[in-house]
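Here is a short note for someone opening this structure for the first time. Please keep the model in view while reading.

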Amino acid sequence: MASKIVTFTLNGRETEVMVKPLTTLAKALREKLGFTATKCGCYEGNCGSCTVILNGEPVLSCILPVEEVEGQNVLTLEGITPTEGLHPLQQAFHENFAVQCGFCSPGMLMISKALLDKNPHPTKAEIAEALSGNLCRCTGYDPIIAAVQQVAAGSNGNQGGSHE
Amino acid sequence: MTTQAYFRPRSLAEALGLLDEHGPAMLVMAGGTLAMPLINKGVSRPEKVMGLRQAGLDYVRPVDGGVHIGAAASLARLRAESDMPLLAEAVKNVAGWAVQNMGTAGGNLFAPPPAGDLAVALLALDAQVKVASLKRGERLVPLAEFYTGFLTNCLAADELVVEIQVPRPAGKAVLLKYGRLYTNTPAIVTVAVHLVAENGRTRDARVALNAVGPHPLRARQAEIALTGFSLDTAAIAAASRAAAAECEPYTDPIASAEYRRRMTGVFVQRALAQVAA
């Protein structure tokens, strides 16, 4: 069947992409639209690297057909990164050494952003549950959780960011 | 071969029409959390795919005596909107947040063990599955009769799961999932029990298990061991032994068959002890 055009809002901008049937959102973002912050680790919904925010909810873009986001709002890491400097979550990840190889970071940042948007002051247990679908194979999870706690506490690294 | 067509029906009637027209050549998908990984890996190469997100099956509807769950209701919606704690507890343990947003109640019925834990709660609550076809209309199947084997079920080629109907629990229900991690973890065993007591004795018992058989199942011998007796230490021990004996565990990277069998006894015992407490 012929390709079709899918129109959606990507990081606040009306976007069109022409895709073959069942093309995933991740593939459309990375290969068609050049938005490569979103990473694909496992292609099967286990690792969370491809997490993006759809209408305020985290979803896995590598198992989501792009046709399903027709007319909807998609937010990727590019969309929360300011032109100058870093998003508070990015800054906190940097300060807490929550990034090592960096492959999981886009997904970790997006799921953390989705969590803080819904629950600005989560407990450590709530953070751990929210991040449980995102795998990191380098740093362990404590620095990542500490970074989210730091942003939730609204501090610059002096409070709420303890490594246990 | 790549997929030639991705259909997105806008109503149940349209979905049933597509299924009637294309039959088994068309893969039916709701949230895609089971189908898309297989398609991405090339294990599944469907010529045609039907996505059910727009088909009007995304609802959680309280009714007299229970709740009706649309087949395409997301697990997250079910967790948030159902007022049955057992269902919320089952969903909480199914997967991570993003997968709960994508995966659906109906789709979870097709997840092979050790996945598919929602069905354990649904079995304990004696849920029924409404299936429909274009030419033969609707029928209700008790969930306990839905599964016929590993990855097989009672659906005909032209039938679609459209709704899950859950009666309000008449007694006390408990769900326990045992995995290697605190959360988002495949089950070693998942147990749900629902018991109705009358004059100090168990009148009606349902014991459901997952990850210890080809599909989520009822532990009928354990139920018999409970029915008509008071829920004391002896009855609980007898039911736990029966469940451990009758389950059909398997070995996978999560746990050995022997360990799963032993833990089935342990967790049935713990779940029943919670009901008795």
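The points below cover a pocket, a helix and a sheet.

1. First, a caution. This is a predicted model. Read each point with that in mind.

2. Start with the second largest pocket. It holds about 660 Å³ of space. Its lining counts 25 residues. Closest to the centre are A:Pro21, A:Leu22, A:Thr23, A:Lys27 and B:Thr2.

3. Now the elements around that pocket. Helix H1 (25–32) of chain A and helix H2 (35–40) of chain B each give at least two residues to the lining. H1(A) supplies the largest share, with 5 residues. By residue type, the lining of the second largest pocket splits into 11 nonpolar, 8 polar and 6 charged.

4. Turn to helix H9 of chain B, residues 233–246. It has 14 residues, so at 1.5 Å a residue it should span 20 Å. The C-alpha atoms at its ends are 20 Å apart, which agrees.

5. Which residues of H9(B) are buried? They are B:Ala235, B:Ile236, B:Ala239, B:Ser240, B:Ala242, B:Ala243 and B:Ala244. These buried residues pack against three elements of chain B: strand E13 (201–210), helix H8 (220–226) and helix H10 (257–276).

6. E13(B) also belongs to a sheet.

7. Strand E12 (residues 187–198) of chain B runs antiparallel to E13(B), and 9 bridges join them. B:Ala197 stands opposite B:Thr202 of E13(B).

Note on methods. Residues are numbered from 1 along each chain as its sequence is written. Chains are lettered from A and ligands numbered from 1 in the order in which they are written. This is a predicted model: local features need pLDDT of at least 70, side-chain atom pairs count only at pLDDT 80 or more; totals for chains, interfaces and linings use all residues. Side-chain values use heavy atoms; hydrogens and water are left out. On a 1 Å grid over the protein atoms alone, a cavity is a set of points where a 1.4 Å probe fits but cannot get out, and a pocket is an open set with protein on both sides within 12 Å along at least five of seven lines; lining residues have an atom within 4 Å of a point. Grid points are joined across faces, edges and corners, and a volume is the space filled by probe spheres set on the points. Helices (H or I, at least four residues) and strands (E, at least two) are DSSP runs, numbered from the N terminus. Ala, Val, Leu, Ile, Met, Phe, Trp, Tyr, Cys and Pro count as nonpolar, Asp, Glu, Lys and Arg as charged, and the others, Gly among them, as polar. The expected span of a helix is 1.5 Å times one less than its number of residues. Buried means under 20% relative accessible area, exposed over 50%, partly exposed in between (1.4 Å probe, protein chains only). Contact means heavy atoms within 4.5 Å. Two strands pair if DSSP finds at least two bridges between them.
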